[in-house]
Amino acid sequence: MARWLSHLETARRYSPHTLAGYRHDLARLVSLAGDTPPEALRHAHIRQYLARLHAQGLSPRSLARTLAAWRGYFAWWAPQAGLPENPAAGVRAPKLARGLPKALSVEQAQGVLDHASRGAGHDAIARRDHAMFELLYSSGLRLSELIGLDTAYVRTGEYESRSWLNLAEQEVLVWGKGGKRRTVPVGGAAMTALSHWLRERPALLAPDATPDDAAALFLGARGKRVTPRVVQLQLEKLAIAAGLPTRLHPHVMRHSFASHVLQSAQDLRAVQEMLGHANISTTQVYTRLDFQHLARAYDQAHPRAGRKKDTPRG
């Protein structure tokens with residue numbers, strides 16, 4: 001199991017958050033199996049274990065994630081161990097209730113970011129937070145994608161960027177789930193906040209920074225690449241200060257981005273591309289669109305875009 005997790009980390013480039021979840025799910029399997037070795041597990045065992053977790057109150061979503069981790073592990077390990085089958089293959093978790101993702105209203109999103117803007121002149125950390133949250137909402141990034149961004153493309157003998165900000169083109173190149181890279185436009189409000197933060201950033205960079213930290217777009221108070229927990233805590237503090245009547249998580253900003261662009265543009269495939277989703281739905285295949293089309297849809301639809309329009313020729 002440790003070798004599989006290492007494979008996911010090095011070969012598949014899974015995020016630390018995903019790996020931690022898989023490690024937890026595998027620990028559940030070991031606990032449920034007891035003295036039964038993994039190579040002796042069959043479909044009946046997996047169904048029984050899921051039933052026990054369900055009886056313990058585990059939600060359908062958590063059961064589905066747990067089963068996905070078990071299925072992925074056995075798919076990798078069964079051929080190596082000479083097992084006759086993947087015991088988790090074909091086993092189904094309870095159906096998920098299709099709820100709507102949480103999203104802010106346009107007014108709420110504007111209010112939170114305007115509050116961050118008003119406080120951004122206080123210190124470098126406030127500048128950083130304003131830039132981070134504008135970018136989350138501007139480009140619909142996942143939390144892991146946000147903290148993985150570099151100031152620009154860097155390639156040295158020790159380090160090479162996977163995701164970075166392209167100031168000249170007003171866009172970010174993002175290394176997303178499954179090692180898929182996409183290009184997402186950055187709106188005018190976010191570009192302004194990023195420019196202000198980049199002027200403050202050198203003061204926070206640690207003198208002994210590693211190549212990874214030296215390239216990082218967003219830094220923590222100690223001069224290293226900002227951590228997911230810091231982003232979460234700072235966004236929660238901002239929401240409270242702005243008087244938002246709900247807990248604000250970075251993924252809510254991503255949902256708000258998608259919801260607001262889709263409400264205006266009604267272009268599902270454009271939103272799909274900008275979010276980096278593999279499928280429009282569980283039955284539709286991924287459709288790649290021309291980036292210029294995405295940029296036009298973004299400029300017309302995003303409430304904080306304010307990007308420069310092309311000068312008409314003539």
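Reader: Which residues in helix 3 meet which residues in helix 4?

Author: Contact means heavy atoms within 4.5 Å. Helices (H or I, at least four residues) and strands (E, at least two) are DSSP runs, numbered from the N terminus. Here Ile46, Tyr49, Leu50, Leu53 and His54 in helix 3 meet Leu63, Thr66, Leu67, Trp70 and Phe74 in helix 4. By class, the residues of this contact are eight nonpolar, two polar and no charged. Ala, Val, Leu, Ile, Met, Phe, Trp, Tyr, Cys and Pro count as nonpolar, Asp, Glu, Lys and Arg as charged, and the others, Gly among them, as polar.

This is a predicted model: local features need pLDDT of at least 70, side-chain atom pairs count only at pLDDT 80 or more, and totals for chains, interfaces and linings use all residues. Residues are numbered from 1 along each chain as its sequence is written, and side-chain values use heavy atoms, with hydrogens and water left out.

Reader: At what angle do helix 3 and helix 4 pack?

Author: Axes are lines fitted to C-alpha atoms, for helices over the stretch in contact, and angles run from 0 to 180 degrees between N-to-C directions. Helix 3 (residues 43–55) and helix 4 (residues 60–81) pack at about 155°, with axes 11 Å apart. The two are therefore roughly antiparallel (an angle over 145 degrees).

Reader: What is the strand order of the sheet?

Author: Strands of a sheet pair through backbone hydrogen bonds, either parallel or antiparallel. Two strands pair if DSSP finds at least two bridges between them. This sheet is open, has four strands in the order 1-2-3-4, and shows mixed pairing. Its edge strands are strand 1 and strand 4 (181–185), each pairing on one side only.

Reader: How many bridges join strand 1 to strand 2?

Author: Two bridges join strand 1 (residues 149–150) to strand 2 (residues 163–166), and these strands run parallel. Aspartate 150 stands opposite tryptophan 164 in strand 2. Strand 2 and strand 3 (residues 171–175) pair antiparallel over three bridges. Strand 3 and strand 4 are antiparallel too, joined by five bridges. There, leucine 173 stands opposite threonine 183 in strand 4.

Reader: Is glutamine 170 buried or exposed?

Author: Buried means under 20% relative accessible area, exposed over 50%, partly exposed in between (1.4 Å probe, protein chains only). Glutamine 170 has 15% relative accessibility, so it counts as buried. Glutamine 170 sits in the turn of the hairpin of strand 2 and strand 3, with a positive phi of about 55°.

Technical notes. Parallel < 35°, antiparallel > 145°, perpendicular 65-115°, else oblique.
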